[in-house]
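Hello,

Here is the structure I promised to pass on. Please open it first, then read my notes below.

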Amino acid sequence: MLAISKKVIHQNGFQDARFLQLLLNVVSEKFWLKSEALSINLLYPVEVRFASYLTSIVCDEQNCALNRSELKDTADLIGTSSRHLNRIIKAFIEDGMIERTETDIIIKNREKLIAIAKDIYN
C-alpha cells in the first residue's frame, strides 16, 4: 500500500494526465465490479445464489462444509442480509440439503443443491 498526502496530490497529481488516467481506471473498475454484482443479485433469487455459492465451495474427501463464522461474509457476497440468509438456511435444512452444526454448515445433498443452483459463481 502506498500513501500520498492529499496536499501533494492536489499540488502535483491533478496536472499529471497519467495519474488522472490511473485514478479513472481504478474508479471505473470499481463501478464495473459493483455493476456486475448487482446484476447477479437482480437476476437470481437468494436461494439460487446461496445454492450456487455452496456448490462452488471447496470440498475435502469427507464432506463439504462452510464455517458458520463466515455466514456474515457469505451474506454480503451474495447480496442479502444475515437474517434473510438464516431463513434460507432453515429452508435448506428442512429440505434435507444441508445440516447446521455448532461450527459448520454441512452439505448433505449436493445433487439437490445443484438442481436449484445456477452456475453463477464458477
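Start with helix α4, residues 71-78. Its buried residues are Leu71, Thr74, Ala75 and Ile78. They sit on the same side of α4, because they cover an arc of only 100° around the axis.

What do the buried residues of α4 pack against? Their partners are the helices α2 (17-43), α3 and α5, plus the strands β1 (65-67) and β3 (104-107).

Next, the aromatic rings. I searched the whole structure and found 1 aromatic pair. Phenylalanine 50 and phenylalanine 92 are the two partners, and they are stacked. Their centres are 5.7 Å apart, with 25° between the planes. Phenylalanine 50 belongs to helix α3 (residues 46-56) and phenylalanine 92 to helix α5 (residues 82-94), so the pair ties together parts that are 42 residues apart in sequence.

The cut-off for buried is under 20%.

A word on confidence. This is a predicted model. The mean pLDDT of the chain is 86, and 93% of its residues reach 70 or more. Confidence is highest in α5, at 95. It is lowest in helix α1 (residues 6-12), at a mean of 84.

Best wishes

Technical notes:
Residues numbered from 1 in each chain as written. Predicted model: local features only at pLDDT ≥ 70, side-chain atom pairs only at ≥ 80, totals over all residues. Heavy atoms only, no water. Phe/Tyr/Trp six-rings, centres within 6.5 Å; stacked < 30°, edge-to-face > 60°. Helix = DSSP H or I, 4+ residues; strand = E, 2+ residues; numbered from the N terminus. Buried < 20%, exposed > 50% of the residue type's maximum accessible area, 1.4 Å probe, protein only. Arc of directions from axis to C-beta. Contact = heavy atoms within 4.5 Å. pLDDT = per-residue confidence, 0-100.
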